[in-house]
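Biologist: Please show me the model before we talk about it.

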Amino acid sequence: MKRELGGIALMLMSLFLAGAILSFDAADAAVFTRLDWYDILGNGARDAVDSIHSPFGLLGARLSSFFVRSFLGYPTLLLLSAIFFWGLELFRSRSLKQALLFFLYTALLSFDLAAMAGMTSTPYSDYWSGSIGRMTAELVKNVLGPLGGWVLLVVIAAVPSFYLGRRLFVRWKSRPDEGEGAGIAAATGNWLSRFRKKKDDGTGEPVNDDRPFRSSSSSLAESTDQPFAPVSESLVSSLPDTVPPDAEAHDEGGVQGTGGELETLIRPTVKEKEANLDERTMKVATRDHVPYRFPSIDLLEKGEADDGQIDRAYLEASRDRLLEKLAIYKIAVVRISMTVGPRVTLFEMELAPDVKVSRVLALENDLAMALAAQGIRIIAPIPGKNAVGVEIPNSKPKTVWLRSVLQVEKFKNTRMTLPIVLGRTIANEVYIDDLASLPHLLIAGATGSGKSVGINVIITSLLYSCSPDKVKFLLIDPKRVELFNYTHLKSHFLVKFPDIDEQIITDPQKAIYALKCVEKEMDMRYITLQEAGMRNIGDYNKALPKEALPYLVVVIDELADLMITAGREVEEPITRLAQLARAVGIHLILATQRPSVDVITGIIKANFPSRIAFQVSSRIDSRTILDGSGAEKLLRDGDMLYHPATLPKPIRIQGPYVSSKEVEAVTSFIGAQHALKNIYMLPSADMTRVNGGSSAGGSVDTGGRDQLFEDAARLVVMHQQGSVSLLQRRLRVGFGRAGRIMDQLCDNRIVGPADGSRAREVLIGSEESLELLLNNLDPE
């Protein structure tokens with residue numbers, strides 16, 4: 001409606017101005033020049049209206065005098081014709097490319113004709129040139145002389161007129177939709193034949209070639225006893241097999257038709273504005289005073305260029321089969337629209353008011369069989385719309401490359417803290433989310449579904465957007481082969497552990513110790529925020545930029561292996577981090593290929609509101625990860641359902657592809673730079689024995705006094721209470737280790753022997769006496 005109203009306004013304005021210019025009378029100037037410009041209601045204005053000759057009143061007389069005398073003269077009418085054509089194209093919801101081209105041509109021609117009129121000395125040359133034309137003519141004559149000026153002006157008018165006229169003649173002689181070389185007679189004959197057939201069908205309207213998707217069937221909403229009639233053969237034969245990327249359907253809101261009462265629409269896809277990431281500030285300084293350079297976008301492969309073409313024949317066939325099957329079950333559709341994505345097409349169907357949504361859901365398997373598709377997914381209803389969605393795989397799927405989704409204006413100018421690129425939606429829009437606001441991410445998918453590639457995409461997008469001072473990674477890879485390429489980041493982005501040499505953890509026991517170190521880091525960060533009086537890491541980094549804390553991203557590629565090895569020991573730190581770590585800038589990314597309830601427990605699932613599901617093997621696995629079905633019907637190779645905490649239902653995204661070669665190139669580029677002087681070190685964690693074995697970090701007792709012996713001694717003396725439960729609570733150790741520490745305190749005469757269920761007697765009365773005793777103890 002806005003476009004139509006704007007078009008009407010432009011057409012009316014151009015007609016009014018044209019009429020005013022055509023009715024120009026030189027004598028009118030003497031009448032209104034005596035009036036002030038704001039005098040429109042006084043007696044003088046009423047007398048002037050009676051005296052002027054223009055039928056368009058005082059305003060028309062003023063405007064005509066301005067355009068004829070002070071502007072371009074009568075050639076202004078050409079410019080007004082272009083404005084009228086512009087308004088007509090707006091009203092018809094057509095592409096504005098031709099209107100813009102015609103406007104530029106008429107502007108040049110009007111200026112040129114006004115200058116030509118200024119070169120002459122005829123009595124009416126002033127009305128044909130205006131002030132601008134006369135000044136231009138004087139300038140040309142002074143520079144080139146009269147003859148040279150005429151030659152220049154004629155050439156300026158002839159060259160664009162020749163090319164534009166030839167283009168119009170070619171289009172009139174051979175219509176594009178009738179094939180190159182078809183003459184006027186052939187085009188006219190084909191048009192008349194389609195007109196007669198349309199008239200015989202009873203519609204009484206000729207076929208509009210600018211609206212290719214027009215159903216020739218009778219209204220499905222009116223009668224559903226008969227199956228859906230396919231589109232007419234003459235209409236199908238007149239359509240090209242593909243839609244060019246610059247088609248008018250994608251420029252101005254889609255292509256639609258209303259054959260009978262069924263309206264069909266192709267929704268335009270999003271055209272992301274490209275941007276060169278290498279034009280940003282590539283070299284930045286770090287707090288170690290070591291310069292760091294972001295990786296170049298040229299390290300990623302360009303991939304195949306997307307021609308933007310749509311397989312229109314396949315869309316028509318899928319639409320017809322879909323409507324035929326629904327008509328058999330007496331499900332009436334009043335409107336259908338299609339959105340073509342990289343790998344699937346979304347058919348949005350507006351049902352008749354008396355049709356229940358549950359009836360469409362019950363036909364899921366029947367529709368899949370009728371469409372002969374690998375797997376269809378029904379969205380009933382689409383959130384926020386009065387429609388039911390059916391997602392059908394495309395006949396020719398397109399690969400989304402990581403470079404194509406990173407090299408967009410949205411990613412280059414993003415203000416997100418930790419931007420991660422997930423891929424392209426069905427509308428071809430690049431989807432970017434902020435890991436800092438998620439705050440944690442749970443990923444599930446069967447083998448070959450694209451889960452590991454998705455993790456590589458997330459990490460790579462963070463490498464392209466964040467410096468080593470802003471983010472650090474803790475990578476846990478029980479499979480040992482998925483994340484080994486990131487060893488090049490050890491001097492820039494990877495954290496280091498006090499008791500483990502590896503920076504990419506592969507051993508399950510060491511993974512438990514690494515998670516405990518992150519848990520200790522979380523506690524220390526909370527103390528830091530408490531002392532600074534800040535609520536979260538964002539406020540802290542803004543207030544104290546020189547002491548800014550980096551964000552810590554913990555990536556676990558296969559959670560199932562850790563849960564099988566030591567379920568309880570792994571679940572406890574993950575749960576605690578998921579509950580508390582967001583405010584201090586620690587974020588978890590967990591991935592598993594077996595999303596069963598014994599791997600993704602209820603406690604873990606409750607603390608991961610944002611989830612990604614690639615293709616899974618069963619509906620039960622889909623419900624485990626997404627709390628609903630749908631993931632079992634996905635395609636492989638990066639086809640995902642992303643369910644953020646902010647949306648009621650998951651959205652379908654095609655994840656980008658990044659090869660191991662590209663990851664190796666990016667990480668090698670970073671690793672070849674000067675290493676940071678201070679590698680981020682996590683604090684040492686305190687651990688008990690795991691399943692009766694030794695600890696991952698060597699922090700349990702190894703035959704001598706426990707490492708927490710002195711802390712336990714000071715704690716017991718300070719509270720004057722020799723209780724095992726006290727050591728458990730304050731030192732956060734297990735019952736077995738607390739009991740062994742208490743026995744060591746008894747052997748060194750700090751506490752007395754056990755007395756049943758009572759607390760042991762503390763034999764040291766003051767902390768000074770304890771320190772003296774500890775200094776005199778022999779090292780063991």
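The questions and answers below go from the whole chain to single residues.

Biologist: How many helices and strands does the protein have?
Modeller: This is a predicted model. Buried residues make up 49% of its 780 residues. The secondary structure comes to 26 helices and 20 strands.

Biologist: What share of the accessible surface belongs to carbon and sulfur atoms?
Modeller: The accessible surface of the protein is about 37,800 Å². The part that belongs to carbon and sulfur atoms is 55%.

Biologist: Among contacts between residues at least 6 apart in sequence, what percentage join residues at least 24 apart?
Modeller: Contact here means heavy atoms within 4.5 Å. Counted that way, the contacts joining residues at least 24 apart come to 68%.

Biologist: Which stretches does UniProt annotate as "transmembrane region"?
Modeller: The annotation comes from an unreviewed UniProt entry. In the model, residues 100–124 are 80% helix and 0% strand, with end C-alpha atoms 31 Å apart. Residues 144–165 are 100% helix and 0% strand, and their end C-alpha atoms are 29 Å apart. The record lists residues 66–88, 100–124 and 144–165.

Biologist: How far does helix α6 reach from its first C-alpha to its last?
Modeller: Helix α6 covers residues 97–119, which is 23 residues. Its buried residues include Tyr-105, Leu-109, Asp-112 and Met-116.

Biologist: Which strands are the edges of the open sheet of 10 strands?
Modeller: The sheet has mixed pairing and the order β12-β11-β20-β19-β18-β13-β17-β16-β14-β15. An edge strand pairs on one side only. That holds for β12 (430–434) and β15 (504–505).

Biologist: In β17, which residue is the bridge partner of Val-553?
Modeller: Strands β16 (residues 551–556) and β17 (residues 586–592) run parallel and are joined by five bridges. For Val-553, the partner in β17 is His-587.

Biologist: At about what angle does helix α21 run to β18?
Modeller: Helix α21 is residues 619–626. It lies across β13 (441–444), β18 (610–613) and β19 (639–643). Relative to β18, the angle is about 155°.

Biologist: Is Gly-450 buried or exposed?
Modeller: An unreviewed UniProt entry places a "binding site" at a set of residues that includes Gly-450 and Lys-451. Gly-450 is in the loop between β13 and α16 (451–465), and it touches Phe-614 and Gly-638, leaving aside residues up to four places away in sequence. The cut-off for buried is under 20% relative accessible area. Gly-450 has 18% relative accessibility, so it counts as buried.

Biologist: Why does Lys-451 count as buried?
Modeller: Lys-451 is in helix α16. Not counting residues up to four places away in sequence, the residues it touches include Lys-479, Asp-557, Glu-558, Gln-593 and Phe-614. Lys-451 counts as buried because its relative accessibility is 5%.

Biologist: What distance separates the C-alpha atoms of Asp-706 and Ala-738?
Modeller: Asp-706 lies in the loop between α22 (660–671) and α23 (709–719). With a relative accessible area of 5%, Asp-706 is buried. Asp-706 and Ala-738 are 32 residues apart along the chain, and their C-alpha atoms are separated by 9.8 Å.

Conventions:
Residues numbered from 1 in each chain as written. Predicted model: local features only at pLDDT ≥ 70, side-chain atom pairs only at ≥ 80, totals over all residues. Heavy atoms only, no water. Helix = DSSP H or I, 4+ residues; strand = E, 2+ residues; numbered from the N terminus. Expected span 1.5 Å × (residues − 1). Buried < 20%, exposed > 50% of the residue type's maximum accessible area, 1.4 Å probe, protein only. Pairing = 2+ DSSP bridges. Axes fitted to C-alpha atoms, helices over the stretch in contact; angles between N-to-C directions. UniProt positions renumbered as here; feature names shortened; annotations may be inferred. Areas by Shrake-Rupley, 256 points an atom, 1.4 Å probe, with all protein chains shown as cover.
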